[in-house]
Amino acid sequence: MARAMLVAMARKTASDDPLAPVTLAVGQEDLLLDRAVQEVVAAARASDADTDVRDLTPDQLQPGTLAELTSPSLFAERKVVVVRNAQDLSADTVKDVKAYLGAPAEEITLVLLHAGGAKGKGLLDAARKAGAREVACPKMTKPADRLAFVRSEFRAVGRSATPEACQALVDAIGSDLRELASAVTQLVADVEGTIDEAVVGRYYTGRAEASSFTVADRAVEGRAAEALEALRWSLSTGVAPVLITSALAQGVRAIGKLSSARGGRPADLARELGMPPWKIDRVRQQMRGWTPDGVAVALRAVAEADAGVKGGGDDPEYALEKAVVTIARAARSRGRA
């Protein structure tokens, strides 16, 4: 099943050319949808460095907008028009898109991102009938699929990772494909030779008090002093800052997901949210004191820290400390309300 999923991810119908007149990316996996767009944009800019890219949401694509964007230019410039959530387009705009599919303009590549399913199926069928190049971007809900994804990420960059290392990475990161891909990139950049379970352990588990996940757990529990102590120990023992921001993001997102989910047994919620049952129990305990506003504040803090760690600030350690304190305070927001 996992192999079939990866084959589906790689399959492109009609043409393997990213510069085909129309590319249809179908599915709900954000990382794969973004990669489908990036592949087209990269190919277009390789052909013409001055390619104009328009990335639009349904509310930005009003009736008549597509005709305006795809009208002939005096300079014959190459253009990529990306339409996100195409299943949400208005009926009049769908008519415009269907008309365009019958006679696409030269030097223009239209990329339609569609969730699949029943909503907006008429547009989906029309794009397929018109011979659009299709890229499958399915949501990966099964651990085996995520494991296959991690293996494919290592293969894509020509690196070897043992099966145990891949499994350890999935166990540590969870269901977020973007974070799994980021972790693979970090390991490949930092480690030479075959990546084994011991390497993953050094980055993601190691000594409990030094792990990035301990930092995140203490922060979302509102235990600022302990979180800061774990953070400083982690950094002093060589844990990569990007792994700490990743763990903080996972911790806060788990709080947000579970707080907005309907009640139920851990096993049912695990299937719905893509978390193991044991994690549902832990997050339920950590949720006490959190409010929706607190989650929003914490997510902003994580985003700011991520930017600081990746070069947006002068002091990555300060960016992490600030985020940890903000998250810990947000975890106690219900008590202060």
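Visitor: What is the mean pLDDT of the protein, and what share of its residues reach 70 or more?
Guide: This is a predicted model, in which local features need pLDDT of at least 70, side-chain atom pairs count only at pLDDT 80 or more, and totals for chains, interfaces and linings use all residues. The mean pLDDT is 84, and 85% of the residues reach 70 or more; pLDDT is the predictor's confidence in each residue, from 0 to 100. Residues are numbered from 1 along each chain as its sequence is written, and side-chain values use heavy atoms, with hydrogens and water left out.

Visitor: Where does pLDDT stay under 50?
Guide: One such stretch is residues 1-14, for which the model has 33 contacts beyond four places in sequence. Another is residues 206-210, with 11 contacts beyond four places in sequence. Contact means heavy atoms within 4.5 Å.

Visitor: How many helices and strands?
Guide: The protein has 17 helices and 6 strands. Helices (H or I, at least four residues) and strands (E, at least two) are DSSP runs, numbered from the N terminus.

Visitor: And how much of the protein counts as buried?
Guide: Of the 337 residues, 48% count as buried. Buried means under 20% relative accessible area, exposed means over 50%, and partly exposed is in between, with a 1.4 Å probe and protein chains only.

Visitor: What share of the contacts comes from residues 24 or more positions apart?
Guide: Among contacts with a separation of 6 or more, such residues account for 76%.

Visitor: On to helix packing. How do α7 and α9 pack?
Guide: Helix α7 (residues 163-173) and helix α9 (residues 197-204) pack at an angle of about 20 degrees, and their axes are 8 Å apart. Axes are lines fitted to C-alpha atoms, for helices over the stretch in contact, and angles run from 0 to 180 degrees between N-to-C directions. So α7 is roughly parallel to α9. Angles under 35 degrees count as roughly parallel, over 145 as roughly antiparallel, 65 to 115 as roughly perpendicular and the rest as oblique.

Visitor: Which residues make that contact?
Guide: From α7 they are Glu-164, Ala-165, Ala-168, Leu-169, Ala-172 and Ile-173, and from α9 they are Glu-197, Val-200 and Tyr-204. By class there are 7 nonpolar, no polar and 2 charged residues. Ala, Val, Leu, Ile, Met, Phe, Trp, Tyr, Cys and Pro count as nonpolar, Asp, Glu, Lys and Arg as charged, and the others, Gly among them, as polar.

Visitor: What about α8 against α9?
Guide: Helix α8 (residues 177-190) and α9 pack at about 110 degrees, with axes 12 Å apart. They are therefore roughly perpendicular to each other. Ala-183, Gln-186, Leu-187 and Asp-190 of α8 meet Val-199, Val-200, Tyr-203 and Tyr-204 of α9. That contact has 6 nonpolar, 1 polar and 1 charged residues.

Visitor: At what angle do α10 and α16 cross?
Guide: Helix α10 (residues 212-220) and helix α16 (residues 316-330) cross at roughly 40 degrees, and their axes come within 7 Å. That makes α10 oblique to α16. Val-215, Ala-219 and Val-220 of α10 touch Val-324, Ile-327 and Ala-328 of α16. The residues of this contact divide into 6 nonpolar, no polar and no charged.

Visitor: New topic, cysteines. How many disulfides turn up?
Guide: A search of the whole structure finds 0 disulfides, a disulfide being a pair of cysteine sulfur atoms within 2.5 Å.

Visitor: Is Cys-137 buried or exposed?
Guide: Cys-137 is buried, at 1% relative accessibility. Cys-166 also counts as buried, at 2%.

Visitor: How far is Arg-35 from Cys-137?
Guide: They are 102 residues apart in sequence and 9.3 Å apart in space, C-alpha to C-alpha. Arg-35 lies in helix α2 (residues 30-47) and is partly exposed, with a relative accessible area of 31%. Leaving out residues up to four places away in sequence, Arg-35 touches Phe-149, Glu-153 and Ala-181.

Visitor: And Lys-79, buried or exposed?
Guide: Lys-79 is buried, with a relative accessible area of 9%. Lys-79 is in strand β4 (residues 79-83). Not counting residues up to four places away in sequence, Lys-79 touches Thr-51, Asp-52, Leu-69, Glu-107, Ile-108 and Thr-109.

Visitor: What is phi of Glu-107?
Guide: Glu-107 has a positive phi of about 65 degrees although it is not a glycine. Glu-107 lies in the loop between α4 and β5 (108-114) and is partly exposed at 36% relative accessible area.

Visitor: Where is Asn-85?
Guide: Asn-85 is in the loop between β4 and α4 (91-102). Its phi is near 50 degrees, a positive value in a residue other than glycine. Asn-85 is partly exposed, with a relative accessible area of 39%.
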